[in-house]
Amino acid sequence: MSTHVGPAGHQFLSLHLLETLAAVLPVRDENGAPKSIVYGGVERHMITSQARRRAERVYSRDRANAQKGPLAGHTMGVRTREWALMTARALETRHGWPKEQALLTSRAVLQAIGLKFGDPAKTTVANRTKVLLFAPADAGDRIADHIQAEQAEIAAWAEQYIAQSETAAAAKKPKGRRQSAPQEDASTDPTDGAPETADAKLPKLPKATRNAVLTALAPRDAIDIALYGRFLAEIPDSPNVDGAIQSSHAFTVHEAEHTDDFYAAADDAKLARKSNALDFLDAADDSGAGMTGYQALISGTFYRHAVLDRRKLRHNLRAAGMSEPDAESAATAAEAEFVSSFVNAFPEAKKNSTASTGVLPALVLAFDGDRPFNYAAAFQKPIDEISDAGPAGELAVRRLLAHHDFVCRRRDDITAGRILTYDPAIHAVLQELGIKDVESVEELTA
């Protein structure tokens, strides 16, 4: 395996970012309220790492698929419950299978390798797996191509498998008022849609087909799976991937309160009638808003952090079957794209009503080290714009850079770093401090 893992051999690339958001709602809890944490004795707004990581994955995948950015031409992954539907669609469009036969066969094949599906009585979930499966985007096509190539054998197997599955499932349903015995093993739950493939009554999937399906669903050369990882417990012999990226939750550097914004939505048809009313009684009937309600909005300066393990990334790519030169080339491209996505991607919740996805960071600090470095402690004491006499964004920049300088003077396993800003006021602060900043995202990777 290549020992080259970055500048001066440093294994980790650390990214730290400050951004100021006004009247947005990128993430919500189960009640529709903004997410928050208590840190340093006060409540802070929080944007979860899950929301940011998904935004980064989708940003990078869309760019790669559009032949843009460093990962143009590379394979990317899709995380979905609809692999049976995607495989069936490929059988139908690529190979001319009847729709119903394609769907039944695809579901049977995936169920036979260990994936559980929803209740067959509920059409919305019957053909969707119970868990999200992160696999290369072409997995459905590859499975469909194999089914077509072995059509005679798989069709005969599927007919027998589906018939016996339906018989076994019907036998397990309680009859009349009789209550079924308590289920000791979750795998025998009738809501799984069909008995487990371990059931001796069900015909086993032909070995060649099982291997072909597992290969199609394996991480292979999907770069975003190598970066973000995946966990799949339902198929023990399908490899899991420990991702190369660690991401923190973002939180405000100051105490925060959310705003309950009252809104009133107009009913166009109602207003048209009112404007054309011939007397005041008709107009009165059409008075008032069409709909009213409240939405919570948050504002503030957020700190967030992520780190890329260069060695882990190269290990994941080599484990997926890449040669060392190919893994090195892909890892270099993946690092550049990861930095771009960290800076540019943003969760899309409420994007049309808040224009949140247009936010640019006030500061990005990138540096290399032999271990991860998280600077959340720099903001344990919340910034107070009144007592600290200044805007939170500028004060946060000064505090973060001072914290990094302090750490650098005490450790030899860390580099000074590279800084990018899109805020002219912050650029002036950097000049005041004698710090030279870079002018593009590409320059953040040494």
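This is a walk through the predicted model, from overall make-up to single residues.

Residues are numbered from 1 along each chain as its sequence is written. Because the model is predicted, local features need pLDDT of at least 70 and side-chain atom pairs count only at pLDDT 80 or more, while totals for chains, interfaces and linings use all residues; side-chain values use heavy atoms, with hydrogens and water left out.

Start with confidence. pLDDT is the predictor's confidence in each residue, from 0 to 100. The chain averages 89, and 89% of the residues score at least 70. Residues 180-198 stay under 50. The model has 34 contacts (heavy atoms within 4.5 Å) for that stretch, beyond four places in sequence.

Next, the make-up. The chain holds 14 helices and 11 strands. These are DSSP runs, numbered from the N terminus: helices are H or I, at least four residues, and strands are E, at least two. Of the 446 residues, 46% count as buried. Buried means under 20% relative accessible area, exposed over 50%, and partly exposed in between, with a 1.4 Å probe and protein chains only. Among contacts with a separation of 6 or more, 76% come from residues 24 or more positions apart.

Now the interior. In soluble globular proteins, nonpolar side chains tend to be buried together. A nonpolar core here is a set of buried Ala, Val, Leu, Ile, Met, Phe, Trp, Tyr and Cys residues joined through side-chain atoms within 4.5 Å. The largest has 36 residues, with Leu110, Ile113, Leu115, Trp157 and Leu217 making the most contacts inside it. The elements giving two or more residues to this core are α2 (83-95), α3 (99-112), β5 (133-136), α4 (139-149), α5 (151-172) and α6 (207-217). Trp157 touches Ala108, Val109, Ala112, Pro203, Lys204, Leu205 and Pro206, leaving aside residues up to four places away in sequence. Another core, of 32 residues, lies apart from it; Leu227, Tyr228, Ala306 and Ala327 are among its members.

Look at α6 in detail. Its buried residues are Thr209, Val213, Leu214, Ala216 and Leu217. Seen down the axis of α6, they fall within an arc of 160 degrees, so they line one face of the helix. That arc is taken from the directions from the helix axis to the C-beta atoms. The buried residues of α6 pack against α3, β5, α4 and α5. The face turned away carries the exposed residues Lys207 and Ala208.

Past α6 comes Arg220, in the loop between α6 and α7 (223-228). Arg220 is buried, at 14% relative accessible area. Gln67 also has a positive phi, of about 60 degrees, and is not a glycine. It sits in the loop between α1 (49-65) and β4 (77-80). Gln67 is exposed, at 54%.

Finally, the rings. Rings of Phe, Tyr and Trp (its six-membered ring) pair if their centres lie within 6.5 Å; planes under 30 degrees apart count as stacked, over 60 as edge-to-face and the rest as tilted. The count comes to 8 aromatic pairs. Tyr39 and Phe251 have ring centres 5.4 Å apart and planes at 70 degrees, so this pair is edge-to-face. Tyr39 lies in strand β2 (residues 36-39) and Phe251 in strand β7 (residues 250-252), so the pair ties together parts 212 residues apart in sequence. Tyr39 is partly exposed, at 23%, whereas Phe251 is buried, at 6%. Ring pairs link Tyr39, Phe251, Tyr303 and Phe379 into a cluster.
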